[in-house]
Amino acid sequence: MKAILQRVASASVTVDTQLISSIGKGVLVFAAVAPDDSSKEVESMAAKILKMKMWPDEAGGTWKRSVQDIHGEVLCVSQFTLLASTKKGSKPDFHGAAGGEKARELYDQFVLKVQESYEEDKVKNGVFQAMMQGMRYLFPCMG
């Protein structure tokens, strides 16, 4: 499993001009499931995301507080392209990403684990396998 975290002041995801999810200050998580991933990787990644020190503390010390520490929100977005290989030619190879039902099952487990490990109402989700257009996020969020 691979994830990219973006600290945000706000973020939202839209599908077919319909707002699906939005958050205020927190973290936008782009997550991808690999073919060999299991529940073990899902649990590990969920824990890392919630504990990652991305915000300063009250004294100004950098990289001291997590999204939980600041009572921020989390927006999870499935993004299989994170596992693309671009080593050959000019066309990406997506064989490094899990396909179909396995990817959906593990991604859903991932979102559920983040919700269970934090506050369910502070964890939002995109739409698996949808063309999420109009994704907006503001960054960086300093403080």
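Okay, let's start with phenylalanine 110: setting aside neighbours up to four places off in sequence, it's in contact with Met1, Val29, Ala31, Val42, Met45, Ala46, Ile49 and Cys76. Contact here is heavy atoms within 4.5 Å.

Quick caveats before going on. This is a predicted model, where local features need pLDDT of at least 70 and side-chain atom pairs count only at pLDDT 80 or more, while totals for chains, interfaces and linings use all residues. Residues are numbered from 1 along each chain as its sequence is written, and side-chain values use heavy atoms, with hydrogens and water left out.

So where does Phe110 sit? Along with Val74, Phe110 has the most contacts inside the largest nonpolar core, a set of 25 residues. By nonpolar core I mean buried Ala, Val, Leu, Ile, Met, Phe, Trp, Tyr and Cys residues joined through side-chain atoms within 4.5 Å. Buried is under 20% relative accessible area, exposed is over 50%, and partly exposed is in between, using a 1.4 Å probe and protein chains only. Strand E4 (26-32), H1, E5 and helix H2 (100-117) each put at least two residues into this core, and H2 gives the largest share, 6 residues. There's also a second, separate core of 7 residues, including Val8, Ala11, Ile23 and Val77.

Two of those names turn up again in the strand pairing: alanine 11 has isoleucine 23, in E3, as its bridge partner. Strands E2 (residues 10-15) and E3 (residues 18-23) pair antiparallel over 5 bridges; pairing takes at least two DSSP bridges between the strands. They make a hairpin with 2 residues between them, and aspartate 16 in the turn has a positive phi of about 50°.

Zooming out, the protein chain has 2 helices and 7 strands, in the order β-β-β-β-α-β-α-β-β. Those are DSSP runs numbered from the N terminus: helices are H or I with at least four residues, strands are E with at least two. Of the 143 residues, 41% are buried. Looking at contacts between residues at least 6 apart in sequence, 71% join residues at least 24 apart. The chain exposes about 8200 Å², with carbon and sulfur atoms supplying 52% of it; that's Shrake-Rupley with a 1.4 Å probe, and for residues only the protein chains shown count as cover.

Last stop, a loop residue: is serine 66 buried or exposed? Serine 66 lies between helix H1 (39-51) and strand E5 (73-78), and counts as buried because its relative accessibility is 2%. Beyond four places in sequence, serine 66 touches Leu50, Lys51, Met52, Lys53 and Trp55.
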